[in-house]
Amino acid sequence: MIKIDCIPYSLRTSVPFGTAHGSRTHTDIILLRVSDGKYIGYGEGSMPPYYDENQQSMLDFIKNVDFQRLLEMDSISAIHKYLETLSDTNTAAKAAIDIACHDLIAKRNGSSVTAMYNLQRPDFIKTSHTIGYASIEDMAKETSAKADLPILKVKLVGEGDIERLQMIRSIYDGEIWIDANQGWSVDILTDEFVSALEKANVKLIEQPFRKGDLKSVKHLSAFTQIPIIADEDCQRLSDIDQLGGVYDGINIKLMKCTGIYEATKMISHARERGMSIMLGCMTESSIAISAAMQIAPLVDYCDLDGNHLINNDPASGMCSDDMGHIYYSDQRGIGAEISPDIFC
Ligand code: MG
């Protein structure tokens, strides 16, 4: 007998998380458990407050899904076709269902989701770790604490960025990625600013300008060879065509694109256009991070530290070490499960 449990949950961040959108101390998510009577699939939907989805809209969407029908479908593409008939939006709620269905179907097949897509797992994945935007003193403290990690993704906002970047470079030798979360404007792109980015050996810049401002992206790319990656500008498969030739790459997140299935389509489509791929995340538990890890062999950059930023992970499975490496669990499906008491 089919049984569906879906509950709201709040992930607490270990330190306040600052970006160009503001600072927050928690992210509301939903946790999903789908049982077909024999196997259980786990899913998660997470959206930061600046996207048009919240716990209630995710719960409402999931309430309207005919899971009986869904679990009788023979393919993930048929499941997605059905979900798209219910709404054009609700990407995080759809991602929760996509993850749970992948988990359950792979378990039925006795395999991992990685194997479902005929992918070879590496021994571990190297992920970036985020330094949230804060005062120079606080960012220095956080950088020192993470100084042994191989990649830091630094959240910047426009004003005071160069001093922050120079401070980080003075105490950190690893790879630096910048995420401006739409916070920059072309006015700040002086020769001095761009040469400071290059001097700090910035490896990539994510979503520098507000969504839709492709003209400014072209302007920046004329100034520098540093790759520019679309995040807020690239949510779904249909966004990619207009970004080719403007951005060097895209940041795919399961929560923006309805899950693993569409993410794999986006990867193929972007590759055909010569674009590089980052696999990113929202603030998420080990469920959604483990799900994303399943397709990590297909991408160039992994930014999967969402579960490192929280101190109340409701799930277990994957694990990580102090070197910024994350490891797959041996479990089937997505390789993670939600603690049963969460649903009591
Ligand atoms: Mg971003």
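Mentor: A crossing of two helices is called left-handed if the near helix is turned anticlockwise from the far one by less than a right angle, and right-handed if it is turned clockwise. The structure discussed here is a predicted model.

Trainee: In which hand does H1 pass H4?

Mentor: Helix H1 covers residues 55-63, and its axis comes within 8 Å of the axis of H4. Helix H4 itself spans residues 91-109. The crossing in which H1 passes H4 is right-handed.

Trainee: Is H1 parallel or oblique to H4?

Mentor: The two axes, of H1 and H4, cross at roughly 55 degrees. Angles under 35 degrees count as roughly parallel, and those from 65 to 115 as roughly perpendicular. The angle therefore makes the relation of H1 to H4 oblique.

Trainee: How is H7 placed relative to H8, parallel or antiparallel?

Mentor: The axes of H7, residues 161-171, and H8 come within 10 Å and cross at roughly 20 degrees. H7 passes H8 in a left-handed crossing. Because angles under 35 degrees count as roughly parallel, H7 and H8 are roughly parallel.

Trainee: Where does Asn201 lie, and is it buried or exposed?

Mentor: Asn201 is placed in the loop between helix H8 (191-199) and strand S8 (202-206). Although it is not a glycine, Asn201 has a positive phi of about 55 degrees. Its relative accessibility is 55%, so Asn201 counts as exposed.

Trainee: Is Asn90 buried or exposed?

Mentor: Asn90 lies in the loop between helix H3 (76-86) and helix H4 (91-109). Asn90 is not a glycine, yet its phi is positive, at about 50 degrees. Its relative accessibility is 15%, and under 20% is the condition for burial, so Asn90 counts as buried.

Trainee: How many cavities of 30 Å³ or more does a search of the whole structure find?

Mentor: The largest cavity holds about 170 Å³ of space. The second largest cavity has a volume of about 40 Å³. The number of cavities of 30 Å³ or more found in the whole structure is 2.

Trainee: Which residues lie nearest the centre of the largest cavity, and which elements give two or more residues to its lining?

Mentor: The lining of the largest cavity has 19 residues, with Phe17, Lys155, Lys253, Cys281 and Met282 nearest the centre. The elements that give two or more residues to this lining are strand S1 (3-19) and strand S6 (151-155).

Trainee: How do the residues of the lining of the second largest cavity divide into nonpolar, polar and charged?

Mentor: The second largest cavity is lined by Arg121, Ser290, Met293, Gln294, Met318, Tyr328, Ser329, Ile334 and Gly335. For the largest cavity, the lining divides into 6 nonpolar, 5 polar and 8 charged residues. For the second largest cavity, the division is 4 nonpolar, 4 polar and 1 charged.

Trainee: What is the make-up by class of the lining of the largest pocket?

Mentor: The largest pocket contains about 380 Å³ of space. It is lined by 23 residues, and those closest to its centre are Tyr51, Asp52, Thr91, Lys211 and Gln235. By class, the lining of the largest pocket has 6 nonpolar, 8 polar and 9 charged residues.

Trainee: From which element comes the largest share of the lining of the second largest pocket?

Mentor: The second largest pocket holds about 310 Å³. Its lining has 20 residues, of which His129, Lys146, Leu149, His308 and Leu309 are closest to the centre. S1 and H6 each supply at least two residues of this lining. The largest share of the lining of the second largest pocket, 5 residues, is supplied by S1.

Trainee: How far apart in space are Asp148 and Asn251, C-alpha to C-alpha?

Mentor: Asp148 lies in the loop between helix H6 (136-145) and S6. At 64% relative accessibility, Asp148 counts as exposed. Asp148 and Asn251 are 103 residues apart in sequence, and their C-alpha separation in space is 25 Å.

Trainee: What distance separates the C-alpha atoms of Phe343 and Glu163?

Mentor: Phe343 is in the segment after strand S16 (337-338). With 13% relative accessibility, Phe343 counts as buried. Phe343 and Glu163 are 180 residues apart along the chain, and their C-alpha atoms are separated by 46 Å.

How values were computed: Residues numbered from 1 in each chain as written. Predicted model: local features only at pLDDT ≥ 70, side-chain atom pairs only at ≥ 80, totals over all residues. Heavy atoms only, no water. Helix = DSSP H or I, 4+ residues; strand = E, 2+ residues; numbered from the N terminus. Buried < 20%, exposed > 50% of the residue type's maximum accessible area, 1.4 Å probe, protein only. 1 Å grid on protein atoms, 1.4 Å probe; cavity = no way out; pocket = protein on both sides within 12 Å on 5 of 7 lines; lining within 4 Å. Points joined across faces, edges and corners; volume = space filled by probe spheres on them. Nonpolar A, V, L, I, M, F, W, Y, C, P; charged D, E, K, R; others polar. Axes fitted to C-alpha atoms, helices over the stretch in contact; angles between N-to-C directions. Parallel < 35°, antiparallel > 145°, perpendicular 65-115°, else oblique.
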